[in-house]
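This report looks at how two protein chains meet, beginning with a term for the angle between packed elements and then turning to the interface itself.

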Amino acid sequence: MDQDKRTLDFLRLFVRHQQEIYAYILTLVPHVHDADDLFQEGMTVMWRKFDQFESGTNFAAWGVQIMRYQILDYRRNQARSKRVLIEDSLFETLMNHLPTIQDEMAARIEALRRCQSLLDDRAKRIIKMRYEHNTPAEEIASYLKVSRRHVYHILGQINGVLLRCMRRTLAGGSRPV
Amino acid sequence: MSKPPFPDMDELIQRLLDDQIQPDEMARLSQAIREDSQVRSYYIDSLLVSAVIRRSSQATGELSETDLIVALADEGNHGGSKRVMRRRYAIAALLMFGILVLASLMLFGPRVQGPAIGGLAGTYEAQWRGARPRPGEPLHAGAYDLREGVAQMELDQGTRLLLEAPCRIDLTSVDEVTLREGRLVVEVTSPANGFRVRTRTALITDLGTEFGVIARSNGSTEAHVLQGRIHVALDTNGASRPMSLVVNQGQAATVDAAGSTIRDGLAARPDYFVLQLPPSSQRDDSVKRLSLADIVGGGNGHGTGTLDRGIDLGTGRVFKGPATTIRLTRRNEFQPIPQFRGIDGVFVPNGASGPVVISSTGLTFSECPRTMGSYYGGPTNSGAFFDIPSQQTYTARLHGVSFGTSTHPALNLHPNGGITFDLDRIRQDNPDVRIDRFTAVCGIPKDLPQPQFSSADVWVLLDGAVGLHLHYPEGQSVVEAVDVPIPAQSRFLTLVATCSGRADYSWIFFGNPYLE
């Protein structure tokens, strides 16, 4: 039963904080598939090291620390490839900056989740294609029968709506406005 | 900040997520994020949006936290036996779910798992989505999604698969692959045959052979036998009745999108497939070159031009491609374009309407054949073609590589059209580039929505004299290498595309059109 409880504890924390952890990875590794890989690998490491997690402390911060090492390893491995990674100076800037806003992340995510539910059906469909299915902009353009650039414009507009809503929600309390 | 701090920031972020960002764009974005806290904030928030949506839609995000908490809270309570049972069921269900979550994350993610069943023998400009095998690495059962280029897989037991992007497959075992979408060639070298290719509508079994398979997005399947023979059967789930047949060398069979009928007796089309891994394109970076596509896009030949920008053959004005309207002219009128440095002018060639003037100095193209005088936009810095009936845009590809990008520029020259470059002006503007030749690939891509209506011809002229003539018969998708030496005294380089009849689907493009 102890093992069951351990599993449940881990899952409960992981489910609650996964978006914070994933957002950290994606910001530093803005390639969705690589970020997914790192997330999976990092989750395995977190599960293995869960005994070291001090109950009652910040699970997301603990997870982010583990991910940090995963990401550094990934960058070392990718250094010789032709992939366009974010350059070292920017990586360090973001790496240093992200912990300073880590405490705000949960509130931002909660606001975004609420704001997302307020989007109209078309916008929901587009962002579902783009981010859930990771459909390239070119394929969305073909689906919508518009240019790729126009898809960027639409995604930018939806992004803007969500960010405006998120900021207003954070400023005005718990109700999305 | 909820508005992008600079106009194309949203585009750069999206291209970054798509792994399509170019080094110069990355450098620009990086500098802005580093130096401007508002840009940094916008970047982090934008990535947060995509992260939240991506993770909230995954299986793990769908688990209700309340359910977990209720179950955990119940653990300490002691109600009646039914309540205890309900609690145990709830916890058991959650544990099951937890195991599934862990399993799905670890086993069913983009990473392929399981024992190796072959290896990746080589690639040509390959870009993968999800699992990214490298040449020499083992291949495991699982999904592979080749987005650009060509990849050669060698499975144990001597089966070779040549995938041409875009191509999605599931490697099932050493003797079976599922082709989700795209095209591949199978070559079975061992005496033991029976290798299978599954698609949504067909099951193709090797009977000692080399064959190509195309699985189209609508579900239809084509199987082309290049050597030996194959067995083609309808997918038993979709077919109203069992049906299968043997297809011999040189023949092809198609299965309709519904998976209900097989049509055979068609001629095999080896030109639909890449039959060998193309040699890797290695060029001497010290040799400077200029992209004619970029010049058509208003650039200086070094990538500063605008993609998808073209010059209307009827008016000489700039338009945003791809063209969507077929027009007709009965006059051979040369349209000078003094505002474009490096371009002398454009024209609609028709040998039946009198002398075809191809330069501002009055040079003519005396060999110009009779055409209908129809044209479709004009030369464009683009690899995109617009199909009017389906209202879809298609991208020219060669060896699985998309053209019309900054790395692989394309000069779209749909017949009937001509463009003359002023080499003297280009030399003046680029004293450091020695212009000795014009190199490119030229032809009609093979992914046409319909066969071309008539044969097409391409002409490369130097001061009005034919330096190269290429002929593209109907019903063949051919892309050929172009290498035309340019004498130092040549002033005008003219590219012409003509059609003997209706020009529909004669989608002529010059890929990597460089002066070097």
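Predicted model: local features only at pLDDT ≥ 70, side-chain atom pairs only at ≥ 80, totals over all residues.

## A term for angles

On the side of H5(A), the contact is made by A:Ile127, A:Tyr131 and A:Glu132, while H3(B) contributes B:Ser50, B:Ile53 and B:Arg54. By type, the residues of this contact divide into 3 nonpolar, 1 polar and 2 charged.

## The interface as a whole

In the interface, 64 residues of chain B are in contact with 68 residues of chain A. The area buried between chain B and chain A is about 6600 Å², and carbon and sulfur atoms give 60% of that area.

## Polar contacts and the side of chain B

Between chain B and chain A, 17 residue pairs are in polar contact, with both residues at pLDDT 80 or more. The elements that give two or more residues to the side of chain B touching chain A include helix H1 (9-17), helix H6 (81-107) and strand S23 (392-395) of chain B. The largest share of that side, 17 residues, comes from H3(B), and the residues of the side divide into 29 nonpolar, 18 polar and 17 charged.

## Salt bridges

The rule finds 6 salt bridges across the interface of chain B and chain A. B:Glu11 forms a salt bridge with A:Arg149, where the closest N and O atoms are 3.2 Å apart.

Key:
Residues numbered from 1 in each chain as written. Chains lettered and ligands numbered in written order. Heavy atoms only, no water. Contact = heavy atoms within 4.5 Å. Buried area = accessible area lost by both parts, 1.4 Å probe. Salt bridge = Lys/Arg side-chain N within 4 Å of Asp/Glu carboxyl O. Polar contact = N/O pair within 3.5 Å; in protein donor to acceptor, adjacent residues only side chain to side chain. Helix = DSSP H or I, 4+ residues; strand = E, 2+ residues; numbered from the N terminus. Nonpolar A, V, L, I, M, F, W, Y, C, P; charged D, E, K, R; others polar.
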